[in-house]
Amino acid sequence: MGKKIIVAGGGHGGIAAASILASNGYDVTVYERHARDAMGYEWTDIFDKAGFTAAGMPLPPQDKFKLKEDMTFVGPAETIKLRQNTDPENLEIQMERKDIYTHLITQAQQNGAKFVFECEITGPVLFGNRVVGIQTAQGIVYADLVIDAAGLHSPIREQLPESLGVQTKVGEYERFFVYRAFFNKAAETAEDKFKIYLLREGKLGICWVAAEETHTDVLIGRFEPFDIEEANRTIASLRESNPAIGTEIVRGNQFVEIPVRQALGLLVADGYAAIGDSAFMTVPMIGSGIANSLKASRLLADAVMADTEGAFSASTLWKYQRDFFKNIGAPLAPMACVKLLLTRLQPQELDYIFETGILNGDDMTMDATSTSLSAIFSGMKPADVMTKVRGVIKNPAVLQKILRLGKQIAAATLATSTMPRSYSPEKACAWVKNYNNAFKR
Ligand SMILES: Cc1cc2nc3c(=O)[nH]c(=O)nc-3n(C[C@H](O)[C@H](O)[C@H](O)COP(=O)(O)OP(=O)(O)OC[C@H]3O[C@@H](n4cnc5c(N)ncnc54)[C@H](O)[C@@H]3O)c2cc1C
């Protein structure tokens, strides 16, 4: 008890872990580069509210969130739309990012976690291969454990020695470059209020247009960087079929990045554990990471508390590694393979998949319980299976890509199921090499 823990960066999962650990007597401090009021974004997020419960937190007040609308997926040629059909019981919630932070930080502070805002972290402090603290613009801070919650480009993860086996950099097709803005609402939308366009105009990525009560939310996500001229051109063309998109930007207007890939292979090292976007915990196809980060906070805190000696070595933190993959990382792995398939499909092939019913609205229904491919496709009717099989067989190019997907899912599933039961540097590094190889594009 009383061991000193640093949470590097105020990511959602890191703050939730700080809250649990501080309430259990650990001396926890979160170091965050932004001022408190500047944390988060000027927009809303959709996620499973069970994340709060998993992190031992109450739900936010009712007036701080609403239930999400079903989404409508639009194929590249815009000839067909697939509308989700979510069970009202399993709807995710939509909440302002700033309110999510207020809820998490208030809970963590009430439980005794400390916060240092406006503190830029520049890298880890290492003693041999052990992480023993963080370097900040204000000086070095030492700790028994560093929880890395500093997001996709964490300066801690990126500067770990390669020999630890923790992947430091993200690769091609592993993140979305995103532009998002809220526009004034220029017209009412009777149906399909939340549209997601796939591979629109032949570009690898998505656009969404969500007509909310007071504004229209537009997001453009691509696998390659793009500039404001390109964003404006895309928005102008989206406006032609979506008159709800006004010309005045009311919020947002920002470029950001989201990991859309398999979870980080090795989450732990001596004195170190990664959580949230720094460990790529988002759902690979859609980039939602809040609920997974909150759920992971419980698993990490449990592993820390199970280490009663307070060694916080890779060996003792291996419980977190295994529990995370069992509950979250392994079910997400096949979804990462489907995302890779999307990057290999030609727009006309995706149109074919939509038009022939290989995918239908039910398949696109991802709700709070859709944490794996099997959860999404469970309950499929025999007639649907026949439609899918017929459609795939009739198109050799699609067939080839679906067969490759099947092989890749099998390899990814095998890789996650063969994770070593206990940690040794050799076993962990061999395993992670095999795991990463399963996700080659
Ligand atoms: C446009 C967009 C839309 C999204 N929509 C959704 C959604 O609808 N639903 C959903 O579940 N998820 C969504 N996500 C993803 C979601 O934001 C993340 O997956 C989730 O927040 C988990 O990431 P994180 O909190 O670990 O990291 P981050 O949100 O990146 O937080 C990291 C924190 O660390 C701090 N930090 C970083 N570097 C340093 C440093 N050097 N020194 C000090 N502090 C540092 C940052 O300031 C930040 O506060 C969206 C993301 C984007 C960009």
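This is a predicted model: local features need pLDDT of at least 70, side-chain atom pairs count only at pLDDT 80 or more; totals for chains, interfaces and linings use all residues.
**Figure 1. Helix α11 and its buried side.** Helix α11 runs over residues 425-437. At 1.5 Å a residue, its 13 residues should span 18 Å, and the end C-alpha atoms are 18 Å apart, which agrees. Which residues of α11 are buried? Ala428, Trp431 and Tyr435 are. These residues cover an arc of only 70 degrees around the axis, so they lie on the same side of α11. An α-helix has 3.6 residues a turn, so residues three or four places apart point the same way. The buried residues of α11 pack against α10 (396-417). The face turned away from the buried side carries the exposed residues Glu426, Lys433 and Asn437.

**Figure 2. Helix α1, a mostly covered helix.** Helix α1 has twelve residues. It reaches 17 Å from its first C-alpha to its last, close to the 16 Å expected at 1.5 Å a residue. Eleven of the twelve residues are buried. Those buried residues are His12, Gly13, Gly14, Ile15, Ala16, Ala17, Ala18, Ser19, Ile20, Leu21 and Ala22. What covers them includes the strands β1 (4-8), β2 (27-31) and β12, and the helices α3 (97-110) and α5. Gly25 follows α1 and has a positive phi, near 95 degrees.

**Figure 3. The crossing of α1 and α5.** Two packed helices are described by the angle between their axes and the distance between the axes. Here the axes of α1 (residues 12-23) and α5 (residues 290-306) come within 8 Å. They cross at roughly 35 degrees. The crossing is right-handed. From α1, the contact uses His12, Gly13, Ala16, Ala17, Ile20 and Leu21. From α5, it uses Ile290, Ser293, Leu294, Ala296, Ser297, Arg298, Leu300, Ala301 and Val304. Ten of the residues in this contact are nonpolar, four are polar and one is charged.

**Figure 4. Asp148 in strand β12.** Strand β12 covers residues 145-148 and includes Asp148. Is Asp148 buried or exposed? Asp148 counts as buried, because it has 31 C-beta neighbours inside 10 Å. Leaving out residues up to four places away in sequence, Asp148 touches Ala8, Ser154, Ile156, Arg157, Tyr272, Ala273, Ala274, Ile275 and Ser278. Gly329 gives a distance reference: Asp148 and Gly329 are 181 residues apart along the chain, and their C-alpha atoms are separated by 17 Å.

**Figure 5. Leu199 and Phe280, loop residues with a positive phi.** Most residues other than glycine have a negative phi, and most peptide bonds are trans. Leu199 is not a glycine, yet its phi is positive, about 50 degrees. Leu199 lies in the loop between β14 (194-198) and β15 (205-211). With 22 C-beta neighbours inside 10 Å, Leu199 counts as buried. Phe280 is not a glycine either, and its phi is positive at about 50 degrees. Its place is in the loop between β19 (272-274) and α5. Phe280 has 28 C-beta neighbours inside 10 Å and therefore counts as buried.

**Figure 6. Gly202 in the loop between β14 and β15.** Gly202 has 9 C-beta neighbours inside 10 Å, so it counts as exposed. Which residues does Gly202 touch, not counting residues up to four places away in sequence? Gly202 touches Pro76 and Pro347. Ser163 is 39 residues from Gly202 in sequence. In space the two are 40 Å apart, C-alpha to C-alpha.

Notes: Residues are numbered from 1 along each chain as its sequence is written. Helices (H or I, at least four residues) and strands (E, at least two) are DSSP runs, numbered from the N terminus. The expected span of a helix is 1.5 Å times one less than its number of residues. A residue is buried if 20 or more other C-beta atoms lie within 10 Å of its own, exposed if 12 or fewer, and partly exposed in between; C-beta atoms are placed from the backbone. The arc is that of the directions from the helix axis to the C-beta atoms. Two residues are in contact if their C-beta atoms, placed from the backbone, lie within 7 Å. Axes are lines fitted to C-alpha atoms, for helices over the stretch in contact, and angles run from 0 to 180 degrees between N-to-C directions. A crossing is left-handed if the near helix is turned anticlockwise from the far one by less than a right angle, and right-handed if clockwise. Ala, Val, Leu, Ile, Met, Phe, Trp, Tyr, Cys and Pro count as nonpolar, Asp, Glu, Lys and Arg as charged, and the others, Gly among them, as polar.
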